[in-house]
Amino acid sequence: MISPNFEDVPSFDAKFLTSIDEKSPLTLESMVQQCAGTRGKRIIYGLNNEGLHSVSASKNILKDNNSVKYLRFVRTSNDANITLLESNFLTYGSQLNTVIFNGLRLVKLANYLQNLSHIETLDLSSNGIEELDDLVFHNLTNLSRLILHNNTVRVLNGNVLQNLTQLRVLDLSYNKIDSLRKDTFVQAGNIQYLNFSNNFLQTIDNNTFSLFAKLERLDLSQNPTLTLKENTFANLTSLKSLNLSRCDIRHIPTGFLKSSPDLIALNVSRNAITKLDSNCFENLKKLAIIDLSYNNISSLPLQLLQPLENLREFLLSRNQLSVFNFDLFTGIQTLGTIDFSDNLISNFTNTLRKFKAQDIILKNNQIGWFPVFLIRNVPGLRHVDLRNNRITSVKIENICYTSYPNYNCPLIYIENSPKECHTYYIRTENAIVVDCTNRSLEEFPVIHHLKTDRYEHSQVMVNLSLNKLNLNGQERLKKYDNVSDLDLSYNDIEQIEWLPKTFKELKLDNNRLKSLSPEVIENFRNNHKLDNVSLKNNPWQCGCSDIELQKYLTEFNNIKINISDVTCEDTGEYLLYAKICDDELALKIATPIVVIGLFIATILAIYFKFNTAIKVYLYSKNWCLWYVAEEELDKDKTYDVFISYSQKDEHFVEKELLPELESGDHPFKVCFHHRDWIPGEFISRQIVNSVLDSRRTMVILSNNFMESVWGKLEFRTAHMQAINEGRARVIVVLFGALNEDSLDDEMKTYLKTNTYVKWGDPWFWSKLKYALPHSKTRRGLSQYSQESFHLR
């Protein structure tokens with residue numbers, strides 16, 4: 001049976017066929033034609049070949065499908081008796097971009113590669129190719145990837161690669177090449193990846209790689225008789241990774257990589273090296289990983305690692321080392337892992353020296369006592385592995401928390417630790433710390449059911465900063481157990497959809513957040529443990545979707561979120577004070593408002609002109625109170641009015657306003673902070689509560705008020721409440737001669753667009769009491785004139 005990998009593509013019955021060719025009832029050409037109209041862009045066929053001994057693919061397959069760009073033929077070891085391709089098969093393949101022929105036993109390679117000027121990737125692995133003619137790739141001028149893995153090529157002549165000026169990747173691994181010469185790579189200037197592993201290389205001429213100016217990865221591993229020369233790797237100025245493992249190398253020349261200052265990873269494991277020169281890593285300041293495991297090194301020069309200021313991993317397991325010398329690592333600030341496992345270490349020297357490392361692996365050595373100085377003199381040590389040594393017993397409490405109580409204990413094992421991260425226990429915080437900083441993570445790790453083998457922790461602190469996280473795996477956040485601190489800063493997060501149930505601190509700064517959903521804000525409100533949320537350096541859009549965030553900022557002004565963290569990207573103003581959603585709402589309702597407005601504009605003009613006077617008159621007469629009363633709307637509020645004023649104006653408030661407002665047949669209930677505020681509470685919290693619990697906020701606007709920081713905060717809080725509810729909540733009382741130069745822009749704008757009451761106005765009390773909450777049961781204000789007037 002032959003079938004493609006899409007359900008809508010027909011399957012083909014080849015059960016009784018012994019061959020598939022142009023004369024058989026079923027041909028490859030007919031299968032391709034039947035699938036030409038399917039939705040699949042890429043079709044893969046599998047052959048049940050128990051009865052087949054030959055399959056022939058002719059050039060006619062591509063003749064009617066000459067727009068095909070990707071072509072792959074693979075024969076597995078079970079297809080040993082099947083021949084697949086005719087020599088002229090690619091005659092009509094001029095548009096092919098990628099060709100993969102694996103295991104096809106191609107005899108004359110040149111015949112298959114004519115007319116392939118567009119090809120960029122050519123994979124000819126496992127074809128038994130023994131020779132490469134000089135002109136075999138001559139026409140492939142756009143070729144960027146050439147894979148000749150697992151063939152039997154013995155010689156690579158210079159002319160073979162002559163025209164391949166665009167070549168980026170060359171893989172000749174698992175062949176039989178025994179030497180490389182400089183003239184082989186005359187056109188190698190753009191090669192970035194070169195693989196000659198698993199060959200029989202013995203010698204590499206000096207300056208063989210001198211033309212590889214862009215080479216970044218070089219793999220020469222498993223060439224068992226390879227000999228290095230001092231200038232073997234000269235001029236590899238862009239090299240970042242070099243693999244020389246399993247080459248039976250006995251000596252590394254001094255400064256053999258001094259021309260490769262960008263080298264990051266060096267693997268010379270599983271060789272026969274007995275010693276290292278002190279200058280063999282000269283000029284390799286970026287080198288981060290050195291693997292010297294499985295050699296015969298018995299000692300290390302003290303100057304060996306001094307040039308390596310960015311070293312992260314130093315791997316020397318399975319050698320003959322007997323001493324662990326602290327001096328070797330002094331001055332290196334970036335060490336993550338030191339692996340000296342499976343050596344002969346029985347002693348430590350220069351233990352008073354300090355160096356930085358995260359994991360020290362010393363298992364399977366001959367150490368007879370616990371090296372407590374590792375805890376004291378290795379800051380940041382998270383784990384030390386001393387298994388299978390000669391240590392008879394270790395009392396963790398005595399070592400970690402009695403002798404050195406201020407140090408993190410590297411002996412505590414954490415179960416279910418995510419493999420992508422460093423996990424350790426802090427006794428002083430009784431916390432498990434999961435540090436996934438700067439791991440290039442694109443998916444949130446699984447952090448679930450963490451526990452130590454000794455202590456019952458009370459919290460988990462997770463650091464996922466400096467990664468590439470966004471939405472992939474974000475739902476896992478909901479299952480993060482007992483997380484108290486969550487650091488998601490410096491990622492690519494555009495939207496937060498999930499959060500742990502409870503946490504104390506959350507860092508979301510330096511992401512790509514444009515808004516926070518109402519569900520996230522509700523999580524903040526319901527999380528009574530929350531102390532701090534960091535949101536700075538995000539491109540906040542300050543649109544309608546941010547209304548809930550703006551309300552939250554108003555409620556917890558600089559308490560849980562710093563208001564300066566949430567700044568509108570377009571205007572630079574704080575979201576707390578921004579007028580948001582006006583433009584969006586206007587666009588949505590503009591059309592119906594225009595149509596309706598033109599119809600009723602004339603009628604309403606007269607009403608709006610005398611609206612205030614009419615309402616004041618009705619209120620003073622006790623007529624139509626259903627029209628002017630609002631007590632049902634605010635029946636749950638404690639106070640009628642909260643008075644906001646400067647301390648310097650307290651005499652006016654206390655002697656003039658309060659006696660009048662709180663007396664009479666129907667007094668108003670006034671929130672007066674000297675009397676009604678709770679001692680010991682945060683002032684900002686008391687301000688928010690007073691505004692929210694009052695039907696009105698009365699601002700005594702004077703020159704003194706404009707100098708009061710708390711007074712301005714009270715006005716802004718009340719103003720934001722009025723905007724959010726779409727109702728008049730603020731009453732401004734002008735007290736004294738006002739210096740307009742002292743007014744900020746926000747107050748000037750308010751006075752231009754809203755009414756106010758001026759102390760000394762003959763109708764002051766009538767206007768003020770009308771502006772205060774109306775009651776359906778209030779009596780007329782007979783002591784005041786009932787003439788029509790405006791509040792301003």
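Modeller: Two strands pair if DSSP finds at least two bridges between them. Helices (H or I, at least four residues) and strands (E, at least two) are themselves DSSP runs, numbered from the N terminus. This is a predicted model, in which local features need pLDDT of at least 70 and side-chain atom pairs count only at pLDDT 80 or more, while totals for chains, interfaces and linings use all residues. Residues are numbered from 1 along each chain as its sequence is written, and side-chain values use heavy atoms, with hydrogens and water left out.

Biologist: What share of the 792 residues of the protein counts as buried?

Modeller: The protein has 17 helices and 35 strands. A residue is called buried under 20% relative accessible area, exposed over 50% and partly exposed in between, with a 1.4 Å probe and protein chains only. Of the 792 residues, the buried share is 48%.

Biologist: Which residue of β7 stands opposite isoleucine 100?

Modeller: Strand β6 (residues 98-102) has 5 of its 5 residues buried, so the rest of the structure largely encloses it. Thr98, Ile100 and Asn102 point one way from β6, and Val99 and Phe101 the other way. Strand β5 (residues 70-74) pairs with β6 in the parallel sense over 5 bridges, with arginine 72 opposite isoleucine 100. β6 also pairs in the parallel sense with strand β7 (residues 121-123), over 3 bridges, and there the residue opposite isoleucine 100 is aspartate 123.

Biologist: Which strands stand at the edges of the open sheet, each with a single partner strand?

Modeller: The open sheet has 5 strands in the order β32-β31-β33-β34-β35, with parallel pairing. One side of each edge strand is left without a neighbour in the sheet, because each has a single partner; these strands are β32 (670-671) and β35 (757-758).

Biologist: Which residue of β34 stands opposite methionine 698?

Modeller: Strand β33 (residues 694-701) and strand β34 (residues 730-734) run parallel and are joined by 5 bridges. In β34, the residue opposite methionine 698 is isoleucine 731.

Biologist: How many of the 10 residues of helix α13 are buried?

Modeller: Helix α13 packs on the sheet and touches β31 (639-644), β32 and β33, where contact means heavy atoms within 4.5 Å. The buried residues of α13 include Arg685, Ile687 and Val691. Helix α13 (residues 683-692) is mostly covered, the number of buried residues among its 10 being 7.

Biologist: At what angle do helices α11 and α17 pack?

Modeller: Glu656, Leu657, Glu660 and Leu661 in α11 meet Phe764, Trp765, Leu768 and Lys769 in α17. Axes are lines fitted to C-alpha atoms, for helices over the stretch in contact, and angles run from 0 to 180 degrees between N-to-C directions. The axes of α11 (residues 650-661) and α17 (residues 764-771) are 12 Å apart, and the angle is about 60°.

Biologist: What is the relative accessible area of asparagine 472?

Modeller: Asparagine 472 lies in the loop between β27 (459-463) and β28 (483-487). Leaving aside neighbours within four places in sequence, asparagine 472 is in contact with Glu442, Glu443 and Phe444. Proline 445 is 27 residues from asparagine 472 in sequence and 9.9 Å away in space, C-alpha to C-alpha. Asparagine 472 is partly exposed, and its relative accessible area is 44%.
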